[in-house]
Every structure is written in C-alpha cells, then in structure tokens.
Amino acid sequence: VQGDSRRKISGTSRLEIKERRRQTRFVFSRWKDGETERRNRLKIKDILNITNGKLISGNQELECESFSKDTRTIQRGDIYIGIKGENFDGSKFWKQAIDNGADAVIIENTDIPKNELEKYSNKVILEVENTLEALYKIAKYKREQYNIPVIAVTGSVGKTSTKDLIASVVGRKYKTLKTEGNNNNNIGLPL
C-alpha cells in the first residue's frame, strides 16, 4: 500500500528509515531544533559523572562544545585535556590553557596552590584519575548520544588516504563527518 509507513523495504520499515534520516539531519545540520540541541549538549556535570572526576572549581552547568589537548592551538571556550605522555605532562599546562582561552581544564594529579585557585575561580577545573581514560569515556558517552552509522578504517598503512576517499564517496549522497588531517589515533579520534 503506497504511503504505509510500516511497509518493509529491505528488512527496514519506512518509519525506521525516516527516523534514521531525521537523526542524521539533526546531527549534521546546525541543530535547527533548539530543544534537541540543548538535550544533547555535554555539561561539566556529565563529565564528572562519566569520569568519576572531582570538581576543584567552577560551574558544573558549563556546556562543553569542543575539546583540545594543545595549549598552542586552543580556542576561546574550549575544554583543555592535559594528556600525560612519555616526555611531558599536559596537566602542568593548565594555567596556560586557561590564559589562552579555555573555559575549563581536565587534569590529573596536580597540586594547585590556593592563590592560583583564587585567581582562576571563575574557570572550571576538573581533576580525574587519568586524563587519557577520561578522554575515552567522554568520547564514548558523546558517541552513544547519536544513532548514526560509523565507518572505521584500521591498518598500518594508508588509513588517512582511505578515510578521505571513503568520505568523498559517501559525502556525495550523505552529509558526512570525518576526522581532520591524520588524527586517526587513540587521542585524535576521540577529540
């Protein structure tokens, strides 16, 4: 019957297809529905729950839109995540991140003197056990908010080129997101 939204098309009902298309349009458009936008925004209180973190200072209602691990490229309003590497500890750069425009910082094992806490009392400072694990948990939580298809490319050679080719082909028919540049690793992908 034409117009019956319950009729099956290749194992999927038209109603399911319409819902998937609606969700995809929601994610890739700039959120025309303000209520949906507010519902899916990540807040500091969500990060506290997800990571079992501790709020050192600031407002737990702050909305989080973008994350950065590099104080040199941080944008106003970003959430800085101080990743600990083999040769450096990103948590030690939390003040620089805030001075460069970050609204919040996520750090691990950092003692902050009382005078510095007072100076930055209007900014959010979160402490977690492990910033890299926190990043994974935040990315997993955020990804679970959307019911959209994902294509993952693995291997030792050619991932970036393959990713770009796939995005180009899929992008001809669907609105498509891809990781920027060659940030296809355990830190770049979640960011």
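**View 1. Helix H3 packs against helix H6 in this predicted model.** Here H3 (residues 44-51) meets H6 (residues 131-143) at an angle of about 115°, and their axes lie 9 Å apart. Axes are lines fitted to C-alpha atoms over the stretch in contact, with angles running from 0 to 180 degrees between N-to-C directions. Helices (H or I, at least four residues) and strands (E, at least two) are DSSP runs, numbered from the N terminus.

**View 2. Who touches whom between H3 and H6?** From H3 come Asp46, Ile47, Ile50 and Thr51, while H6 brings Ala134, Lys137, Ile138 and Tyr141; contact just means heavy atoms within 4.5 Å.

**View 3. The largest nonpolar core has 18 residues.** A nonpolar core is a set of buried Ala, Val, Leu, Ile, Met, Phe, Trp, Tyr and Cys residues joined through side-chain atoms within 4.5 Å; buried means under 20% relative accessible area with a 1.4 Å probe, protein chains only. Among those touching the most other members are Leu42, Ile44 and Phe67. H3 gives the most to this core, four residues.

**View 4. A second, separate core.** This one has 11 residues, including Trp94, Ile112, Tyr120 and Ile125.

**Notes.** Residues are numbered from 1 along each chain as its sequence is written, and side-chain values use heavy atoms, leaving out hydrogens and water. Since the model is predicted, local features need pLDDT of at least 70 and side-chain atom pairs count only at pLDDT 80 or more, while totals for chains, interfaces and linings use all residues.

Key. Buried < 20%, exposed > 50% of the residue type's maximum accessible area, 1.4 Å probe, protein only.
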